[in-house]
Amino acid sequence: MGTITNCAANGTSITSSIPNGSVGGILGYAQGTKILHCTNNIPVSCSGANSSVGGLVGACDQISGAYIDACINTASVSGTGATSNVGGLLGYCSYNVNIT
């Protein structure tokens, strides 16, 4: 469990082809993580099957309780693998996550 505050992701792109992966502009996988006042400006994509792709966070699971506050994604997000989970802020979460 930790906190990421006031960060900005800038660059060319974040890409992955790993199956069952979690890819995010700020964080790939959040487990009890607080993400505060962060911005992603990098396109995020994954072509691996069963992957989770998000502009801020790729995935969080049933024990995570992640918290996202005052964050922005300005870039494109895509998942082209079979049965991928894709979201502008969060790709996949199977538990409570607070987004404000």
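Ile14 stands opposite Val44, a residue of strand E8. The structure described here is a predicted model. In this model, strand E3 and strand E8, the latter covering residues 44-46, run parallel and are joined by three bridges.

These two strands belong to an open sheet of three strands, arranged in the order E3-E8-E13 with parallel pairing. The edges of the sheet are strand E3 (14-16) and strand E13 (77-79); each has a single partner strand, so one side of each is left without a neighbour in the sheet. On average, and with direction ignored, neighbouring strands of this sheet are turned by 5° against each other. Strands of a sheet pair through backbone hydrogen bonds, in either a parallel or an antiparallel manner.

## The nonpolar core

The largest nonpolar core comprises 14 residues, and Ile26, Ile35 and Val57 have the most contacts inside it.

Leaving aside residues up to four places away in sequence, Val57 touches Val23, Gly24, Leu27, Gly28, Ala30, Ile35, Ile68, Leu89, Leu90 and Gly91. Ile35, one of these partners, is itself named among the core residues with the most contacts.

## The disulfide

The structure holds one disulfide. The disulfide is formed by Cys60 and Cys93, whose sulfur atoms lie 2.2 Å apart. Distant parts of the chain are linked by this pair: Cys60 lies in strand E10 and Cys93 in strand E15 (residues 90-93), 33 residues apart. The torsion about the S-S bond of Cys60 and Cys93 is about -125°, and the disulfide is therefore left-handed.

The accessibility of each partner has also been computed. Cys60 has a relative accessibility of 2% and so counts as buried. Cys93, with a relative accessible area of 21%, is partly exposed; the limit for a buried residue is under 20%.

Cys38 counts as buried because its relative accessibility is 0%. Cys71 takes part in no disulfide, and the nearest cysteine sulfur, which is that of Cys38, is 4.8 Å away. A disulfide requires sulfur atoms within 2.5 Å. Cys71 likewise counts as buried, at 14% relative accessibility.

How values were computed:
Residues are numbered from 1 along each chain as its sequence is written. This is a predicted model: local features need pLDDT of at least 70, side-chain atom pairs count only at pLDDT 80 or more; totals for chains, interfaces and linings use all residues. Side-chain values use heavy atoms; hydrogens and water are left out. Two strands pair if DSSP finds at least two bridges between them. Helices (H or I, at least four residues) and strands (E, at least two) are DSSP runs, numbered from the N terminus. Axes are lines fitted to C-alpha atoms, for helices over the stretch in contact, and angles run from 0 to 180 degrees between N-to-C directions. A nonpolar core is a set of buried Ala, Val, Leu, Ile, Met, Phe, Trp, Tyr and Cys residues joined through side-chain atoms within 4.5 Å. Buried means under 20% relative accessible area, exposed over 50%, partly exposed in between (1.4 Å probe, protein chains only). Contact means heavy atoms within 4.5 Å.
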